[in-house]
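This briefing sets out selected structural features of a predicted model. The points are grouped by topic and are intended to be read alongside the sequence and the structure.

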Number of protein chains: 4
Amino acid sequence: MLIIMRDHASQAEVDHVVERLREAGAEAHLSVGEVKTIIGVIGEREIIYALEMEGVAGVEEVVRVLKPYKLVSRDFQPEDTVIRVGTTTVGGGAFAMIAGPCSIESEEQLFSTARAVKAAGATMLRGGAYKPRSSPYAFQGMGLDGLKLLRAAGDEVGLPVVTEVLDVRDAEKVAEWADVLQVGARNMQNFMMLDELGTFRKPILLKRGLSATIEELLSAAEYVLKGGNRDLILCERGIRTFETYTRNTLDLAAVAALKALTHLPVIVDPSHATGRRELISPMCRASVATGADGLMVEVHIDPEHARCDGPQSLRPEEFSALVRDLAPLVTLEGRTFGGEA
Amino acid sequence: MLIIMRDHASQAEVDHVVERLREAGAEAHLSVGEVKTIIGVIGEREIIYALEMEGVAGVEEVVRVLKPYKLVSRDFQPEDTVIRVGTTTVGGGAFAMIAGPCSIESEEQLFSTARAVKAAGATMLRGGAYKPRSSPYAFQGMGLDGLKLLRAAGDEVGLPVVTEVLDVRDAEKVAEWADVLQVGARNMQNFMMLDELGTFRKPILLKRGLSATIEELLSAAEYVLKGGNRDLILCERGIRTFETYTRNTLDLAAVAALKALTHLPVIVDPSHATGRRELISPMCRASVATGADGLMVEVHIDPEHARCDGPQSLRPEEFSALVRDLAPLVTLEGRTFGGEA
Amino acid sequence: MLIIMRDHASQAEVDHVVERLREAGAEAHLSVGEVKTIIGVIGEREIIYALEMEGVAGVEEVVRVLKPYKLVSRDFQPEDTVIRVGTTTVGGGAFAMIAGPCSIESEEQLFSTARAVKAAGATMLRGGAYKPRSSPYAFQGMGLDGLKLLRAAGDEVGLPVVTEVLDVRDAEKVAEWADVLQVGARNMQNFMMLDELGTFRKPILLKRGLSATIEELLSAAEYVLKGGNRDLILCERGIRTFETYTRNTLDLAAVAALKALTHLPVIVDPSHATGRRELISPMCRASVATGADGLMVEVHIDPEHARCDGPQSLRPEEFSALVRDLAPLVTLEGRTFGGEA
Amino acid sequence: MLIIMRDHASQAEVDHVVERLREAGAEAHLSVGEVKTIIGVIGEREIIYALEMEGVAGVEEVVRVLKPYKLVSRDFQPEDTVIRVGTTTVGGGAFAMIAGPCSIESEEQLFSTARAVKAAGATMLRGGAYKPRSSPYAFQGMGLDGLKLLRAAGDEVGLPVVTEVLDVRDAEKVAEWADVLQVGARNMQNFMMLDELGTFRKPILLKRGLSATIEELLSAAEYVLKGGNRDLILCERGIRTFETYTRNTLDLAAVAALKALTHLPVIVDPSHATGRRELISPMCRASVATGADGLMVEVHIDPEHARCDGPQSLRPEEFSALVRDLAPLVTLEGRTFGGEA
């Protein structure tokens, strides 16, 4: 931590800051200029993060050098985390191809889609049973019935299933039926839910919030790992910017940055990021080339009648073409779908 | 709703869209140009919002003209909602002056601050018992003990109290001790919590999310009103932009826009919006002049030792000066603190 | 300047950095921790800013503590800059009320509007002769003919005139006809134009760029002052964010921050910031209460037939009501329109 | 164009709008609902874009369906534009690999870098002679001397050269020495410069502005093509968002969108987009996989002593490894470096 004092801060102010640091168990190193004094602070993460020096008299700015997370960091664990989900794996060379409808709408819709994505090469099945919708007048999902259908569809086609936990009170119920528990973008900083999921024994798929920084995403992940659950997959799904042509702005540099900063697998959701079917394929290709560990793509047997996200859902034949198209790129990146040799 | 067809969409595509609209019970009006056909759709909000036409063949874009909310709209209720909270009121000419510490840290800290803000003219006491913190290593609040202290402090000085519900599972407990239940920016789209709070009989203070549009804020409020709870206060607290000099960017035009779009009271939190003590006073003045119905300001008896938000907390004497300074402006706007005659 | 070394940077890397700093004439102060070494750098602004240490081996981050500007800073000149423009003044208690059409369209349109805004209490007349338009198919302005009309209209009603310099090659021509030269948001970082205008003897009105930080705005202003022209007015006109309800997001906290950081007058353009007529009045009130030194408002005798910015232009009677409405607020802030006693 | 009338707009207001449209030569098609009337407007682009209906009484919103550009559109020209630059080509299967220093600092620095990038496989040499710098105290470039060095270096190694036109008054001089004229991000909406460059016979490289939408970028390009110069290369270089880990946010979905919307070649500048050396390689790979037509990468023989952009500049051996690494991807995308068979 660096403490930058205001111009011409008094000696008493500087002394006071140094004293508070020493009380807290941190070391202070001074750089004294004509105009400015700068104080370098050295100490343990827990001490440094508990220090709130911004309000102290004479302090202009506090620059935190230590990261606000530890367990998720590559410094802490240099080797890739590899997550086993049923018969498939994610991370460490295993590329996840997660596909399925935005929302589970009916047995027919889900099972048809599940069979189609399995045939095309998906390694996991997705489907929303509880849907976060901006307007209370929009379709909110099938709930528990949806969960049961998802389990049955996954079992029939032989794919592990991932679905969103929208309410912390439903977490156990969802964990009963699903293999991977998704935390949606709007809940990325729902810290109580992250705390709860940290005690679970199921992998978590944590989506980046619409306006979350890379550091905030990693700090959110730290909540889960701190609770004891080490199986967490990060997911970039676009951030909110001024550009309205796409639904969000896919931040692939964040994926490359995350791969360097953390040992956790990082996947990409190009469907929500772009909101446009015609951009899914190029963004999938770009994600693979960036070094992502997987993709999550919305597929619907009949996008025209989808109850949500129709414009960004691929038809089964489009998804099938996509997987074929990606195969040589995935190989070039030294990955295999689902970690199969 | 307007449906804009792709350039040179086929007659069959247009016919198909029209047919689907009619099936759903909506009326279709065609504008046929050389290049483009545009379809105006007329029908009830519930029908229109259930229609997902974006995925239909030949459709380029869907423009929603009807708002995704109804109960919160000024069209639905032209007169201001006035909310009674204990002995004070918010809205309809009553100006709320909510003050207190970011987090409740100790009996001494809270009671001293409570006495000071009451003496200075606050109309409500705020204080966080459960704190959302980006890092799991930062102070997380005193929890239930904090809630009880807050109730006791409010009772002693005679001010209603407002505090945040961080976890939907704590909502009832918080409602037992507090007068107004705050939904923080990170939970603005925690729809399950909004649903739950819609069944409560306590006023809700809903903060705008860091990257929420005005329409999304109103849609989130609609969840609460749809559940039956009509006492909701909106709070602008800054949005996330590229500017880093301030913690967030205070969007006062949104306050003016909300005052026109909804009958609900709208207050401003300049502390979180700016993150800088020296900007609190000008932004309070600006908020009053914009037509806001109240302010929520962080006050701490000893900002230097605050466990959160020290740099943006006012000292009691600064808060006292602020209230004195604001009084003529509040009068000029035709408002009275707390609605007292 | 602070140099933060990478974790476990080698002694040789640290020594090398220190050596380069000393060669350049700067002092280095070391804070050595177990993991990190931090180097405080002390020296003159010119030396510090010429140093490019980001690329040096072992360096993780460079934090610049010294501001990239000097002449515009309140540290450099504590008292307000007061700018005389013909018979009116801006800054130091003098409040500028600048009004007129977005673009000059005809003699009739301009003169009628000029007479109306003068009668209503404007202190300066604005009007665009050269218009920056996103599309080459939109109206581009009347050019030199417009400039001449503006001069004539200002002279007739007795108001100084302000207009935009769109092309550096036209700067002298514009300076011949106008009293204040405006640099538009899109040209805020047109450094060659800023350099040129720094040699002029006419006041400059510099608008903040759509995505410019406060620091970048002040650095742009520094270009002009460094050239010798000390008469510069800053103008906040909204920044580009994700919110689309308003045309831009008016950043009033930036106005308050600028008033503290610089001695230059700061005005607000609520017309471009909001793009909506109904928000002009509340944002004008908020600007005055924030401590702005003036307003620039679009007024058109017939907004319905305006060739640009119709939806955000006030009608003369609306402008007249606005000025009346603002008067008590301006007085409350200790300002007078145009600096008249 | 669609005109959405306010709720319960009067018949007179609707009639008035229809009349104005017909006067202007456009057709009006009405959709009349209980609450809202919507007017579809059909007509030629020039007529539609000259219509300013937003200010008309009773009008709530105007939705423009026709694009504000024509010549740059793929509808107008379906086949890719292929641009010949000396001995190399860009577009239509030819992949441009543009490399060189941020700024030209000395003969030794430029020539060494030029030889290195040529050897590594670059197809064009870049180097800044005029540098746009936020602070007037930073290095501003070598000017004309730099231009001459660039020409000489390009000639020696046999590479065409690209450099920025910072000031419209220098455009002819730059055109005398360079093969491709770059318009920087800060000048993307310097319409007078775009007009001027539209009359030149040299290819233009137009960088996207920091906060420019895809539509604004294409509209800016339209200025150049409208002037008669059809040889324009678009360049995505990151947009400004809330994320500060990277210098800007690289928007690769925009590249994919541009490839669909326009026939012009689209290249990517990952150096300015990310500002971090370690992210250059993954973002180059991602750009190729997205379908970009080229890359522009900063290379410096000694980044540690670079006078600008050191942290994002590759060393020659890093650039060489990058080109080798990209080759199979470029082939997979059906492209060849510089268009060589």
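**Sheet of chain D**

Ile3(D) has Ile39(D), in strand 3 of chain D, as its bridge partner.

- Strand 1 (residues 2-5) and strand 3 (residues 37-42) of chain D are paired in the antiparallel sense, over three bridges.
- The open sheet of chain D is formed by four strands in the order 2-3-1-4, with antiparallel pairing.
- The edge positions are taken by strand 2 (27-32) and strand 4 (59-63) of chain D; each has a single partner strand, so one side of each is left without a neighbour in the sheet.
- On average, and with direction ignored, neighbouring strands of this sheet are turned by 20 degrees against each other.
- Helix 1 (residues 11-23) of chain D packs on the sheet and touches strand 1, strand 2, strand 3 and strand 4 of chain D.
- The direction of helix 1 of chain D makes about 5 degrees with that of strand 3 of chain D.

- Helix 10 (residues 277-290) of chain B packs with helix 8 (residues 252-261) of chain C at an angle of about 130 degrees, and their axes are 10 Å apart.
- These two helices, helix 10 of chain B and helix 8 of chain C, are therefore oblique to each other.
- The crossing of helix 10 of chain B and helix 8 of chain C is right-handed.
- Helix 10 of chain B contributes Glu278(B), Leu279(B), Pro282(B), Met283(B) and Ala286(B) to the contact, while helix 8 of chain C contributes Leu252(C), Ala253(C), Ala256(C), Ala257(C) and Ala260(C).
- Classified by residue type, the contact of helix 10 of chain B with helix 8 of chain C comprises nine nonpolar, no polar and one charged residues.

**Interface of chains C and D**

- In this interface, 44 residues of chain C are in contact with 44 residues of chain D.
- On the side of chain C that touches chain D, the elements giving two or more residues are helix 2 (45-50), helix 6 (191-197) and helix 7 (214-226) of chain C.
- Helix 7 of chain C gives the most to that side, with five residues.
- By class, the side of chain C that touches chain D has 21 nonpolar, 10 polar and 13 charged residues.

**Domains of chain A**

- Chain A is divided into domain 1 (2-63) and domain 2 (83-337).
- The C-alpha centres of domain 1 and domain 2 of chain A lie 44 Å apart.

Note on methods
Residues are numbered from 1 along each chain as its sequence is written. Chains are lettered from A and ligands numbered from 1 in the order in which they are written. This is a predicted model: local features need pLDDT of at least 70, side-chain atom pairs count only at pLDDT 80 or more; totals for chains, interfaces and linings use all residues. Axes are lines fitted to C-alpha atoms, for helices over the stretch in contact, and angles run from 0 to 180 degrees between N-to-C directions. Angles under 35 degrees count as roughly parallel, over 145 as roughly antiparallel, 65 to 115 as roughly perpendicular and the rest as oblique. A crossing is left-handed if the near helix is turned anticlockwise from the far one by less than a right angle, and right-handed if clockwise. Two residues are in contact if their C-beta atoms, placed from the backbone, lie within 7 Å. Ala, Val, Leu, Ile, Met, Phe, Trp, Tyr, Cys and Pro count as nonpolar, Asp, Glu, Lys and Arg as charged, and the others, Gly among them, as polar. Two strands pair if DSSP finds at least two bridges between them. Domain bounds come from an automatic or database domain assignment.
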